[in-house]
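Please read them with the coordinates open.

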Amino acid sequence: MISAQAWADARLLWDYHFMHHDPRPCSAAVGLGSHDLGVADVTAELYHRGMAPVIVFTGATSPTTRARMPRGEAVHYRERALQLGVPESAVLLEPRATNTGENIEFSKAVLAEAGIKVSSVLLVSKPYEERRSYGMMRKLWPEVEVVCASTPMGLEEYAGSIGDARIVIDMIVGALQRVLVFPGLGLAIEQDVPATVVAAFERLCVEGFTGRLMPADVAARPGT
């Protein structure tokens with residue numbers, strides 16, 4: 001059972017992870033690979049709304065996606081977008097990245113190789129990865145404006161779509177840890193984290209929602 005306090009704390013972290021950006025037209029959209037095909041759905045929707053003329057889907061496979069997306073996250077995202085009516089000519093593939101830093105660096109290279117000038121990026125991720133991805137983009141690709149987007153879901157609805165609320169809360173907690181520690185590792189910009197959010201994070205860790213935390217020795221190592 002997940003306690004009422006844990007749900008309340010998880011909702012606080014969930015809301016914090018959203019950047020609350022209003023979508024606006026950008027030079028390109030970048031869909032960050034993951035287990036969640038909803039990223040491809042949102043990216044396709046934003047393309048159809050005229051928010052980006054070209055899409056980069058980025059991602060190889062990971063232990064959590066290998067069975068579900070054996071051809072690679074970017075490839076499966078692309079296939080989904082084409083099913084949703086995005087023309088093949090509007091989609092670029094970046095199939096090698098295995099982490100968010102590589103997603104950003106490799107997508108930047110793909111766009112440059114295609115001769116696309118980029119002044120702004122519509123960055124599409126899972127809902128609880130908006131803030132972490134934003135912080136990393138501002139550090140690793142500081143010359144572009146970043147507009148974040150994700151599936152507009154509440155925590156309970158998203159947990160229901162995944163089918164395991166405990167795993168989702170683990171992921172929310174892990175994402176918050178990275179917001180806290182990545183700036184010190186040179187991987188992201190500093191962001192204000194309210195004391196109430198930090199307290200909620202700490203309570204969830206005490207309750208055992210630690211499945212997606214980086215080990216202490218990794219979190220303290222530059223270049224992680």
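**Notes on the predicted model**

1. Start with E94. Setting aside residues up to four places away in sequence, E94 touches V56, F57, T58, G59, A74, N103, F106, S107 and V110. The residue sits in strand β3, which covers residues 91-94. Is E94 buried or exposed? Its relative accessibility is 1%, so E94 counts as buried, the cut-off being under 20%.

2. Next, A149. This residue belongs to strand β5, residues 145-149. A149 has a relative accessibility of 7% and therefore counts as buried. Leaving out neighbours within four places in sequence, A149 is in contact with L46, L122, L123, V124, S125 and E130. The C-alpha atom of A149 is 8.2 Å from that of D22. Along the chain, A149 and D22 are 127 residues apart.

3. On annotation: an unreviewed UniProt entry lists residues 39-151 as "domain: DUF218". In the model, residues 39-151 are 41% helix and 16% strand. The end C-alpha atoms of that range are 7 Å apart.

4. Now helix α1. It runs over residues 4-17, 14 residues in total. From first C-alpha to last, α1 reaches 20 Å. That is close to the 20 Å expected at 1.5 Å a residue. Which residues of α1 are buried? They are A6, W7, D9, A10, L13, W14, Y16 and H17. An α-helix has 3.6 residues a turn, so residues three or four places apart point the same way. The cover over the buried residues of α1 includes α5 (130-140), α6 (155-162), α7 (165-181) and α8 (195-206).

5. One of those covering helices, α8, deserves a separate look against α1. The two pack at an angle of about 135°, with axes 9 Å apart. α1 and α8 are therefore oblique to each other; the band for roughly antiparallel starts over 145 degrees. Their crossing is left-handed. On the α1 side, the contact is made by Q5, A6, D9, A10, L12, L13 and Y16. On the α8 side, it is made by T196, V197, A200, F201, R203 and L204.

6. The α7 and α8 pair comes next. These helices pack at about 130°, and their axes lie 10 Å apart. That angle makes α7 oblique to α8. α7 passes α8 in a left-handed crossing. Which residues make the contact? From α7 they are I169, V173, L176, Q177 and L180. From α8 they are V197, V198, F201, L204 and C205.

7. Last, E202, which is placed in helix α8. Is E202 buried, exposed or partly exposed? Its relative accessible area is 46%, so E202 is partly exposed; exposed would need over 50%. The C-alpha atoms of E202 and V173 are 9.0 Å apart. These two residues are 29 apart along the chain. V173 is also one of the α7 residues in the contact with α8.

Definitions and conventions. Residues are numbered from 1 along each chain as its sequence is written. This is a predicted model: local features need pLDDT of at least 70, side-chain atom pairs count only at pLDDT 80 or more; totals for chains, interfaces and linings use all residues. Side-chain values use heavy atoms; hydrogens and water are left out. Helices (H or I, at least four residues) and strands (E, at least two) are DSSP runs, numbered from the N terminus. The expected span of a helix is 1.5 Å times one less than its number of residues. Buried means under 20% relative accessible area, exposed over 50%, partly exposed in between (1.4 Å probe, protein chains only). Contact means heavy atoms within 4.5 Å. UniProt positions are given in the numbering used here, feature names are shortened, and annotations may be inferred rather than shown by experiment. Axes are lines fitted to C-alpha atoms, for helices over the stretch in contact, and angles run from 0 to 180 degrees between N-to-C directions. Angles under 35 degrees count as roughly parallel, over 145 as roughly antiparallel, 65 to 115 as roughly perpendicular and the rest as oblique. A crossing is left-handed if the near helix is turned anticlockwise from the far one by less than a right angle, and right-handed if clockwise.
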